[in-house]
Each structure stands twice: as structure tokens, then as C-alpha cells.
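Reader: I would like to learn how to read the features of a model like this one, step by step. Could we begin with the sheet and then move on to the helices and the ligand?

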Amino acid sequence: MRKDFTEALKEIFGLVTDLPKKCLSLIPRPQVGYRVLSTPCTPTCPEAATCPYDLILTFNLKDEGFWVAFPKKRENNANITPALLLKFLLIVLENLQALEQEVDNSLVKNALQFLASQLDTNIFLFDRKGQVIVSQSNSPISISTFDLWKKLNQAGEPEGLIETTEGNFYYRAFTKNGKMAGILAWKTEPIQPEETDSYFSKDSIFIIPGKNPRFLEIKKLVRQIAITNNTVLLQGESGTGKELFARYIHYLSPRKDRPFIAINCAAIPENLLESELFGYEDGSFTGARRGGKPGKFELANGGTIFLDEIGDMPIQLQAKLLRVLEERRVERIGATVSYPVDIRIIAATNKNLQELIDAKLFREDLFFRLNVFPVHIPPLRERRDDIPLLLDFYLKNICLEQNKPFKIFSPEAVQILKNYHWPGNVRELKNVVAYAVSLCEGDIITPPFLPKYLLNGSLVSTPQPKVINPGFPNLESRKLKERLEILLAEYGHSTQAKRLIAQELGVSLATLYRWLNKYRLK
Ligand SMILES: Nc1ncnc2c1ncn2[C@@H]1O[C@H](COP(=O)(O)OP(=O)(O)OP(=O)(O)O)[C@@H](O)[C@H]1O
């Protein structure tokens, strides 16, 4: 272990792990854990003026002592940056834990405080329950440690960058025996390019949880596309995160400070969609607002427009959209002139556009214009390895939102959730977690706290055929219609009521509108 550890330090950081004998005689060795020394190690060192090191750390791991020094002049002449020191500290923390050595909090605290004073930054170390072990503020900040902890938990990934009212914080969660043991966060502003090396998540501030290899590939592709101005077509089942990805693309693009305008082509009645998208001039039709109204394209000028459920766009409007895509100009209804617009277009659908083209419901030329960068987001059942991570992500977030103590899922509950086929994808998973959190008062969520339909053996571990839009879990049409009627009677027909119904069913508002149309329940 010691060899691997010192080799890693040498290799990754170019650190000196074998100090000259004369130094060793001056350096006190800690009884346990580690100790950080700034040079000179002692005021009496005869070579203080010419000491080649900046910082020396001494360790005692499993009764074995050794030393690491940070040379003032490193091989590649790189400065010892804050990120480098912190990375180093994290490696130390993790190694101490790998050796199953209890880390003495006061030692960690001293080390961190020392580093913070060297780094001119703010550092916080939380234990797994969010208690602050170290809070080192070099300059006063107004964010509360609770708010910071909340944000860190919302990020969902083991490492990355979060944005707060106080600027950016890098963070890194560390684990012990496979469980989260704490989170170290430190303020970093502005972000220096050399600090964003591969050790840290390049997902930037906006993080989409998911570690499945295919999903990681998609995130990588999306990051590459984001910085271009190209049109993107997101395809995937309902609830897989198409809108989330659209926002992610916008966020990572040079347009991030300009508007992101989303419009759901299926949720808006056909006769209103045109005026919503293109706007209208004064007096262009009965009931039109005085002075006219700008459409979504105009509102999105300089930014991104997200056309959700593009497969549901009426065919006559498709021709008009095609013109916008080709000419980058928009003409309000009733106008005689057109305006230039600078927009990035992201479209999404859970339908098979090829089938719609064959059925003459979707224009092929529009499809080619939109399909510049196609991105297929896989359904949750095709990335089951991410289920525990997503459960954990939403569990923490929902407990924080509902101001409840943190909970965990029992292994039996996780097993059920891992086997389920998730037709409503991540949206459905999120609803299941919210359901369980509101029912369970204890610390452990066991199977009885899960929605009943998940416990029904026939639904569990039944491999499902791959379908683009599977609809609600195994409900036959008649049952679905009955369920919708009951819910409408209970909640009413208002837009807000429909939002609640969609939430209860674990489907998007657009899917609900589609069903209401289908069963003539509007
Ligand atoms: N990978 C993910 N990690 C965390 N949350 C996710 C992920 N994917 C989706 N979600 C969450 O699931 C919900 C549904 O996501 P979103 O609305 O982006 O899906 P969608 O594919 O656009 O759905 P629809 O086609 O029904 O409009 C949102 O609350 C979103 O935050």
C-alpha cells in the first residue's frame, strides 16, 4: 500500500517522497494520521534560506512513517495550485480510509486550516449527515453551511462544481466501505483552466446524474455539441430527461446567459400554437392583444428555443417552422415584414418520426433540418446500473425539500426498484421516491412504503419490449380511461389540475394531453 501510494504521489504530482536524511532528523513524525509543515520545518534549520520545498507533509499510516514534500520548483515548473493541494489532500484522506485508519478530526481540521491559509480560499468539510467538521473561511461568505450542504446534495455526482450565490465551489465526496463518509467543498473563483483537469468532473455546474457507460458517452457527445450552434434532435421515451438535456446544452453553450424558451407543441391547442410560436401584429385576428405580441422565436432571440414534442406539431405549421430554420427570419401573424432571429433550435420527441413521415404526418424535409445532431436518450431500464445512484440523488433532494431526516432504501426495496421496468423512466422514479419519503417516517424505506403497483409480482422483472412510447405501466386502454376519469373528477379540468394528474401518473403533461385527446376527455 505504502509503495503504491508514494508512487502515485510521485507520478501524479511530481512530489518528493524521499527526503534527505538531514531533513528527516528535524521533522517531527505524528503519532497518528498526518501533519502539514510549512518550510522551514524548524526555525533552527541551518538551510532554511535555501530550502527547496514549499510544504512538507508527514504521515503515520499503520505505524509506518513517511514524508512528502512539495518542491518549490517542480519538474514542469508548474505552480502548486489550490486545486493541486486539495487533490493531494483528498488522496491522503482516501488512503487513510483505505487503510481503515480512523481519521482524527482534529488532525484533518488542522491540515485543512493550514491548507486554507495557504490557499486563500474557503473550505468546508461535512460529515455524512451534513454536520460541519471544518469550516475555514478566509474571507467572509454569507451562504449558510446548511444551504451549501443542500446544494452539494442536489448536485448528485461524487465530484464536480456547484454554483452558489457566493460563487463556485468545487466539491468531492469521499467514501468509506462503499458508503458516503463526507464531502469536502472549497471555493474557487474564478475557475482557472489549469484547475479543471481530468480529476474533476467536467460536467461543469449543471450536472445530470448517471454513470452508465452508454449514458456517459451521451453526456460527452452532448457536451461536444453544446458549444456549436447546431440544431439538436433529442429522442427518447417520456421522462428520460430530454428537456433536462436541452437545458444542459443551453447551459454549456455560449448562449447560456441569453433566454432558454421552451414550448410544448403537444400541450398547446392547435389554433394557439401558431400565435405562440410566431407572435402576431396588432389587430391581426379577433381577440388579438392590442399592440401585438412577440412569439417564442422572438423571445428566444440570442438564446435557445426548445421545441418539445415536435412530432405533435400540426403539418401546416411544420412548413412555417421549416422556413424559420432555413431563413432564420420570423414573420408575425398579420405582419408584412419578417424579423431576423439568432436562435439555436433544440427539438425533442418521444415518437418515431420515421413512422410519422411514412404516415405523412411529419415533413421529411423538416426532419432532415432538425436531425443535424440526433441524440437518443436511453430508457431507464436500459441503464439499470444507474438506478441506485438516481434513487440516492432523489432521496437526498426530496428529504431536504420536505425537511425530513435522511433515509435509505432497504436492500429488498432497492432490488424491487432495480428490477422494475420503469415505463415512466426517471420521472416515474422521482415520483416513487417522493411517494416513499412522504409515507415513511423511519430511517429505512422498506418495500411496504413503495407504491403497490411496484409490488405486484407480474410487473416486477418482466422484461419489456423496446417501444418508443409505452404509455402508463401495463394499463389497458379501458383501465387507463377509467383512471383518467376518476382523476379528472377528483382534481377537475384546470391546467393546474392536469399538472397534478400528470404528476400522479408519472407522465409528462404532454402525454396526459395526448391521452385526454385520445379518450375525448378534454
Ligand atoms: N438523468 C437524470 N437525472 C436526474 N433527473 C432526471 C434525469 N432524467 C430525467 N430526470 C428528471 O425526470 C423528470 C423528467 O425529465 P424531462 O422532463 O427532462 O423528461 P422528458 O424526456 O423531456 O419527458 P417528456 O417526453 O415526457 O416531456 C424531470 O424531473 C427531470 O429532472
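This is a predicted model: local features need pLDDT of at least 70, side-chain atom pairs count only at pLDDT 80 or more; totals for chains, interfaces and linings use all residues.

Author: Five strands form an open sheet, and in the order β10-β13-β16-β9-β17 they pair in parallel fashion. The edges are taken by β10 (260-264) and β17 (373-376), and because each of them has a single partner strand, one side of each is left without a neighbour in the sheet. From one strand to the next, the twist averages 20°.

Reader: How many bridges join β9 to β16, and which residue of β16 stands opposite Gln235?

Author: Strand β9 (residues 232-235) and strand β16 (residues 344-349) run parallel and are joined by 4 bridges. Opposite Gln235 stands Thr349 in β16.

Reader: What does the secondary structure of the protein chain come to, and what share of its residues is buried?

Author: The protein chain has 19 helices and 19 strands, and buried residues make up 34% of its 522 residues. Among the contacts with a separation of 6 or more, 66% link residues 24 or more positions apart.

Reader: What describes two packed helices?

Author: Two packed helices are described by the angle between their axes and by the distance between those axes. In this model, helix α13 (residues 387-401) and helix α14 (residues 411-419) have axes that come within 10 Å and cross at roughly 115°, and the crossing is right-handed. On the α13 side the contact is made by Ile387, Pro388 and Leu391, and on the α14 side by Val414, Leu417 and Lys418. By class, this contact has 5 nonpolar residues, no polar ones and 1 charged residue.

Reader: At what angle do α5 and α13 pack, and how do the residues of that contact divide by class?

Author: Helix α5 (residues 145-155) packs with α13 at an angle of about 145°, with the axes 8 Å apart, and here the crossing is left-handed. Lys150, Asn153 and Gln154 of α5 meet Lys396, Asn397 and Leu400 of α13, a set that divides into 1 nonpolar, 3 polar and 2 charged residues.

Reader: Which residues are closest to the ligand, and which helices each supply at least two residues of the shell?

Author: The ligand is surrounded by 21 residues, of which Ser238, Gly241, Glu243, Val426 and Ser508 are the closest. At least two residues of the shell come from each of α7 (242-252), α15 (425-439) and α19 (509-518). By class, the shell has 7 nonpolar, 9 polar and 5 charged residues.

Reader: Where does Glu243 lie, and with which residues is Glu243 in contact?

Author: Glu243 lies in helix α7 and, with 17 C-beta neighbours inside 10 Å, counts as partly exposed. Leaving aside neighbours within four places in sequence, Glu243 is in contact with Ala262, Phe306, Asp308 and Ala348. Glu243 and Phe306 are 63 residues apart in sequence, yet their C-alpha atoms are 7.9 Å apart in space.

Conventions: Residues are numbered from 1 along each chain as its sequence is written. Two strands pair if DSSP finds at least two bridges between them. Axes are lines fitted to C-alpha atoms, for helices over the stretch in contact, and angles run from 0 to 180 degrees between N-to-C directions. A residue is near a molecule or strand if its C-beta atom, placed from the backbone, lies within 6 Å of it. Ala, Val, Leu, Ile, Met, Phe, Trp, Tyr, Cys and Pro count as nonpolar, Asp, Glu, Lys and Arg as charged, and the others, Gly among them, as polar. A residue is buried if 20 or more other C-beta atoms lie within 10 Å of its own, exposed if 12 or fewer, and partly exposed in between; C-beta atoms are placed from the backbone. Two residues are in contact if their C-beta atoms, placed from the backbone, lie within 7 Å. A crossing is left-handed if the near helix is turned anticlockwise from the far one by less than a right angle, and right-handed if clockwise.
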